[in-house]
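The sequence and structure are shown below.

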Amino acid sequence: QVKVVESGGGLVQAGGSLRLSCVASGSTLSIREMSWYRQAPGKKRELVAAIGSGGSTNYADSVKGRFTISTDNTKNTVYLQMNSLKPEDTAVYYCNVEWTTVPGIETINYWGQGTQVTVSS
């Protein structure tokens, strides 16, 4: 059974930090990309950060300089270090993991259940 499990969310004050973790398991396929999305109430889900198998990263403009995405490939884990948190960062954060099913042709992705991050003023 393929599983994508997030953890690390919580309640913090503005200016504080959190580190989110996401562990992917249950598949022998190679992971192509791992990413973090977030969705605030009444808003669309948006990409926060992504990291490819080659190490390339991509960040939303709103989090550049504050958030850092990284991986531990040995443990199939992706992290999101969140510093200088702002109230507008409040959202449910979701992990997405993309595996290669057919090299160069097809991939499949799974979402985690989400973890709540709340930043107080």
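Predicted model: local features only at pLDDT ≥ 70, side-chain atom pairs only at ≥ 80, totals over all residues.

A search of the whole structure finds three aromatic pairs. Two of them are listed here.

| Aromatic pair | Geometry | Centre to centre | Angle between planes |
|---|---|---|---|
| Tyr37 and Trp111 | edge-to-face | 4.9 Å | 70° |
| Tyr94 and Trp111 | edge-to-face | 6.5 Å | 90° |

Tyr37 belongs to strand S4 (residues 31–39) and Trp111 to strand S10 (residues 106–111), so their pair ties together parts that are 74 residues apart in sequence.

Tyr37 is partly exposed at 23%, and Trp111 is partly exposed at 38%.

Trp111 also has a charge over its ring: the charged end of Arg45 sits 4.7 Å from the ring centre. Elsewhere, Arg19 lies over the face of Tyr79, at 4.3 Å from the ring centre.

Turning to the sheet, four strands form an open sheet in the order S1-S3-S8-S7, paired antiparallel. Strands S1 (3–7) and S7 (67–72) are at the edges and have a single partner strand each, so one side of each is left without a neighbour in the sheet. From one strand to the next, the twist averages 15°. S7 is joined to strand S8 (residues 77–82) by six bridges, and the two run antiparallel. Thr71 has Val78 in S8 as its bridge partner.

Terms used
Residues numbered from 1 in each chain as written. Heavy atoms only, no water. Pairing = 2+ DSSP bridges. Axes fitted to C-alpha atoms, helices over the stretch in contact; angles between N-to-C directions. Phe/Tyr/Trp six-rings, centres within 6.5 Å; stacked < 30°, edge-to-face > 60°. Buried < 20%, exposed > 50% of the residue type's maximum accessible area, 1.4 Å probe, protein only. Lys NZ or Arg CZ within 6 Å of the ring centre and 35° of its normal.
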